[in-house]
Amino acid sequence: MPNATHNQLNWHNRLLGIVLLLVSIPHAYSQQYPSPGKPLTLDEAINFGLSHYPAVRASLERMSAAKEGVGLSRMIYLPRTDLLWQSNRATRNNIFGALLPQSIVPPISGPVLPSTSDRGAWSSAAGTLLSWEPFDFGYRGATVGVAEAAETRANAELSLTKLDVAALVGQAFLAVAAAQQQVRASQADVDRRQVLGNSVHVLVNQELRPGADASRADAELAAAKIQLIRSHELEQETRATLGEVLGIAGTQVEIDATSLIGKPPQPYTSSMPLSSHPLAQVGTASIFEVKAREKVLSKSFYPRFNLQGALSGRGSGANPNGSFGTGTDGLGLERRNWAVGFTATFSVLDFASLHFKKQIEQASERAQRADYEKTLQNLTAQSQRAKAAYDSAALIAENTPVELQAAQLGESQARARYQSGLASIVELADAQRLLLQAETEDDLARLGVWRAMLGQALAQGDLEPFLASVRVAAGGK
């Protein structure tokens with residue numbers, strides 16, 4: 001009985017440990033994402049995303065791998081040194097005749113004896129071979145060039161990834177800011193319609209207005225509340241998207257978009273040519289990489305020269321007269337040899353295959369150049385569309401204050417006319433709906449200018465002027 005109780009306690013302890021482990025796993029995963037700890041400005045959000053989004057880290061690791069690949073390719077200049085040690089026990093039956101090169105039948109050295117035996121003897125061998133290529137007609141340099149071209153492409157892809165992540169973060173940030181403004185406008189609309197509903201119910205109760213006015217006011221208030229709920233839903237969705245592109249999905253992210261709601265930013269012009277856009281740089285690097293491979297092929301149809309030195313020793317328990325040694329005979333190195341030589345090899349029939357390989361790479365180069373030209377065309381069109389979007393957003397931002405002022409005046413007049421009995425509830429409801437639309441458009445218009453500026457920066461591939469404008473708007477340097 002005591003043993004059973006002890007075993008039961010051990011089982012409970014193990015079960016408790018498993019439960020605690022399962023509980024701690026989600027907690028551990030939830031703690032692996034660092035929280036910003038404060039509301040983020042647009043500039044801070046972009047920098048945070050560039051530091052934490054997994055795609056950036058993956059590109060950094062690929063760039064690091066490409067950099068190490070350059071170091072690896074340079075190792076081809078070093079001499080090659082091979083070491084060998086072998087011990088075996090085998091028969092010593094040799095035979096006269098040729099044997100084509102293969103890796104199945106073990107070679108046997110020594111004279112052909114008149115008799116055969118199934119008895120085995122010890123044999124051993126050790127040696128080292130040093131081989132160095134003193135000149136190569138540029139082949140090794142071309143091989144290093146391929147690795148360097150791959151590193152250049154990896155750097156360009158890293159810049160493009162950073163630009164893409166900055167675009168995602170910027171767009172998600174502005175989407176959250178726009179959703180917050182919609183929530184603010186919807187809440188103001190609910191408050192106005194709540195006040196109106198209370199007033200209408202008082203007038204209806206005093207039989208100064210028909211009961212239909214109270215029903216219409218209640219319907220307008222309910223519709224405003226539904227719109228507020230949808231605005232809150234949109235805000236939560238955009239927050240989730242922002243957390244995802246920041247690399248902290250599942251974390252509640254707060255933003256500070258106060259500086260973006262004020263006066264629209266001043267336009268700027270980027271001096272960076274489209275050929276410096278990261279996407280264009282990736283295309284250029286891809287062309288250089290293909291050309292580097294072409295250069296390797298052009299340096300491949302040359303003889304290969306190797307300066308070689310060898311030092312070796314062998315031992316055998318089988319004697320030339322057909323007798324066998326005893327004990328450990330053959331495990332020692334009984335004969336030693338050295339050799340120094342110069343070897344030249346030339347693959348005569350590789351010319352045809354190299355020709356076709358060159359044709360393949362040249363076709364790839366032409367395709368890469370065509371893709372590069374297409375990229376420049378796309379970037380040019382994108383830049384023009386971004387400029388048109390900015391011009392339109394700037395004009396809209398100039399007109400929304402006029403729309404808002406007129407809507408505020410119209411709503412005030414409609415409310416006064418309704419209270420004096422000169423207007424219907426329908427007219428007042430329409431005026432309030434127009435005011436909600438004007439408030440929303442006025443708030444979103446300035447954010448639209450920032451969004452259009454971000455689009456211009458992305459089209460140019462240069463975010464620094466845009467971020468400088470963001471810092472100026474925030475009161476920074």
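Is Y302 buried, exposed or partly exposed? Select Y302 and colour by accessibility: at 34% relative accessibility, this tyrosine counts as partly exposed (buried means under 20% relative accessible area, exposed over 50%, partly exposed in between, with a 1.4 Å probe and protein chains only).

Before you click on, some ground rules. This is a predicted model, in which local features need pLDDT of at least 70 and side-chain atom pairs count only at pLDDT 80 or more, while totals for chains, interfaces and linings use all residues. Residues are numbered from 1 along each chain as its sequence is written, and side-chain values use heavy atoms, with hydrogens and water left out.

**Stop 1**

Y302 sits in the loop between α7 (278-298) and β3 (304-316).

**Stop 2: E133**

Next, pick E133, in the loop between β2 (121-132) and α4. E133 counts as buried because its relative accessibility is 9%. Show its surroundings and you'll find R140, R304, F305 and N306 touching E133, not counting residues up to four places away in sequence (contact means heavy atoms within 4.5 Å). Zoom in on R304: its side chain makes a polar contact with the side chain of E133 at 2.7 Å. That term covers a pair of N or O atoms within 3.5 Å; within protein, one must be able to donate a hydrogen and the other to accept it, and residues adjacent in sequence count only if both atoms are side-chain atoms.

**Stop 3: salt bridges along the helices**

The structure holds 27 salt bridges, each a side-chain nitrogen of Lys or Arg within 4 Å of a carboxyl oxygen of Asp or Glu. Start with D189 and R193, whose closest N and O atoms are 3.1 Å apart. These two are about one helical turn apart because they lie four residues from each other in helix α4 (residues 139-205). D189 and R193 are both buried.

Then jump to helix α5 (residues 211-245), where R239 and E235 are also four residues, or about one helical turn, apart. Their side chains meet in a salt bridge at 3.0 Å, N to O. R239 counts as buried at 8% relative accessibility, and E235 counts as buried at 10%.

For another pair, go to helix α9 (residues 425-460) and select R446 and D442, four residues apart. Their salt bridge spans 3.4 Å, N to O, and both residues are buried.

Now widen the view: D189, R192, R193, R216, E220, D430, R433 and E439 are linked in a network of salt bridges. While you're there, click Q432 in helix α9, which is buried with a relative accessible area of 2%. Leaving aside neighbours within four places in sequence, Q432 contacts D189, R192, R193, L196 and E411.

**Stop 4: the nonpolar core**

In soluble globular proteins, nonpolar side chains tend to be buried together. Here, the largest nonpolar core has 43 residues, of which F173, L242, L246 and F466 touch the most other members. (A core is a set of buried Ala, Val, Leu, Ile, Met, Phe, Trp, Tyr and Cys residues joined through side-chain atoms within 4.5 Å.) Helices α2 (42-52), α4, α5, α6 (258-261), α8 (350-419), α9 and α10 (464-473) each supply at least two residues of this core. The largest share, 11 residues, comes from α4.

Centre on F173: beyond its neighbours within four places in sequence, its contacts include L40, L42, A45, L242, I255 and L260. A second, separate core of 11 residues includes V200, V204, A214 and A431.

**Last stop: Y390**

Finish in helix α8 with Y390, buried at 7% relative accessibility. Its contacts, not counting residues up to four places away in sequence, include P265, P267, V449 and M453.
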